[in-house]
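Today I am opening a new notebook page.

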Amino acid sequence: METVWFFIIAAMLAVYVVLDGFDFGAGILHLFVAKNEGERRTVINAIGPFWDGNEVWLLAGGGVLVFAFPKAYAVGFSGFYLPLIMALWLLILRGISIEFRGLETNALWRSFWDGAFFFSSSLMAIILGAALGNVIRGVPIGETGYFSGPLFTDFRVSENPGVLDWYTVTVGVFALVVLTLHGALFLSYKTSGEVQKRSQSLCLPLWFVMVLVGVLTTIATAQVRPDLYRNLLGRPWTWVLAFGVIVSTVLIPLFVVRKRDLLAFLSSAGFIVCMLAATAAGLYPTMLTSTINREFDLTIHNAAAGPLSLKVGIIWWGIAIVLAVFYFVHLFRAFKGKVSPETDIYSH
């Protein structure tokens, strides 16, 4: 049952990255693909019905982590206190940037909120990647079972690293590029006219950068956590995930060249899901690795709730996830199609 919950949490976080990833990408790109107020309103309308609902998956994933692995939640959230507060403030800044720019009539203030939207979207993408880098690299969990550390020290991967070092920053940059491409593909699908043309023109350059940074990140991960790749090679069932990463990477530019915008976007979603699933499979059964001594690792066995709780909880989670899927299918069906500056996103 612990294994089931481990992959449930991984799946929910992957869904969050896919869904909130495209509106992060739209926020990063909107200063470059939208040159006037009408075009920027088009970008906002493209993500308007979805961005706040997408964040539900982050809260739900955190809630499931509390329920199924309370020790992992306690250790992780206390050790990552500072970056989590930063992420919370950035999510709030993104929300008020979108809402306030729509209410503002002064061009100077609208420009200010546009800048805040770009800044918060970009930094959130980097923080998400750096958080994944910390999980892969490990954290200084000691005999007490807890850890604390500064935001950064000397940027080296050591026994007592900071949240930011050369490796976690590399993963953060990779996440920034992946989500920017994901946002460009979403805008290519949801918009028309000049915004769509500019978004489409960015897809191939961003894809090349993603492949380059992805290769560098893969080499860096092999240096920092070589056992992750040994785990993947020792588990043949995970090879399908690696195959999915390769296939989706190849399909993205093919669909971009053929102007198949929806298929290109879905290929990007498949790339993100396969990459995160492969990472979770390589880490399994460890949830947080100790950089001090592997005896202090938090695994699905020493961090899990009681067996009865896990068994009963799966029933309630099943009911909740059916309702959530039904809601999101309805949401995307209700707001399907292209958007324009005049699209009323609150009329449904």
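**Entry 1: a surface patch.** I began with Tyr-81, Ile-85, Leu-88, Trp-89, Ile-92, Ile-96, Phe-100 and Leu-103, which make a nonpolar surface patch of about 840 Å². My patch rule takes residues with over 30% relative accessible area and no salt bridge, joining like charges within 9 Å and nonpolar side chains (Val, Leu, Ile, Met, Phe, Trp, Tyr) within 5 Å. A salt bridge here is a side-chain nitrogen of Lys or Arg within 4 Å of a carboxyl oxygen of Asp or Glu. Accessible areas come from the Shrake-Rupley method with a 1.4 Å probe, and for residues only the protein chains shown count as cover.

**A note on the model.** I remind myself that this is a predicted model, where local features need pLDDT of at least 70 and side-chain atom pairs count only at pLDDT 80 or more, while totals for chains, interfaces and linings use all residues. Residues are numbered from 1 along each chain as its sequence is written, and side-chain values use heavy atoms, leaving out hydrogens and water.

**Entry 2: Leu-103.** I found Leu-103 in helix H6 (residues 81-103). Helices (H or I, at least four residues) and strands (E, at least two) are DSSP runs, numbered from the N terminus. Is Leu-103 buried or exposed? Leu-103 is exposed, at 69% relative accessible area; buried means under 20%, exposed over 50%, and partly exposed in between (1.4 Å probe, protein chains only).

Entry 3: Next I looked up the second largest pocket, which holds about 380 Å³ of space. Its lining has 18 residues, with Leu-19, Phe-22, Phe-265, Leu-266 and Phe-332 nearest the centre. Helix H1 (2-33), helix H8 (166-190) and helix H12 (261-283) each give two or more residues to that lining. On a 1 Å grid over the protein atoms alone, a pocket is an open set of points with protein on both sides within 12 Å along at least five of seven lines, a cavity is a set where a 1.4 Å probe fits but cannot get out, and lining residues have an atom within 4 Å of a point. Points are joined across faces, edges and corners, and a volume is the space filled by probe spheres set on them.

**Entry 4: a cavity.** How many cavities of 30 Å³ or more does the structure hold? I found one. The largest cavity has a volume of about 60 Å³.

Entry 5: A cis peptide bond joins Tyr-284 and Pro-285, with omega about 5 degrees. Lys-259 is not a glycine, yet has a positive phi of about 60 degrees.
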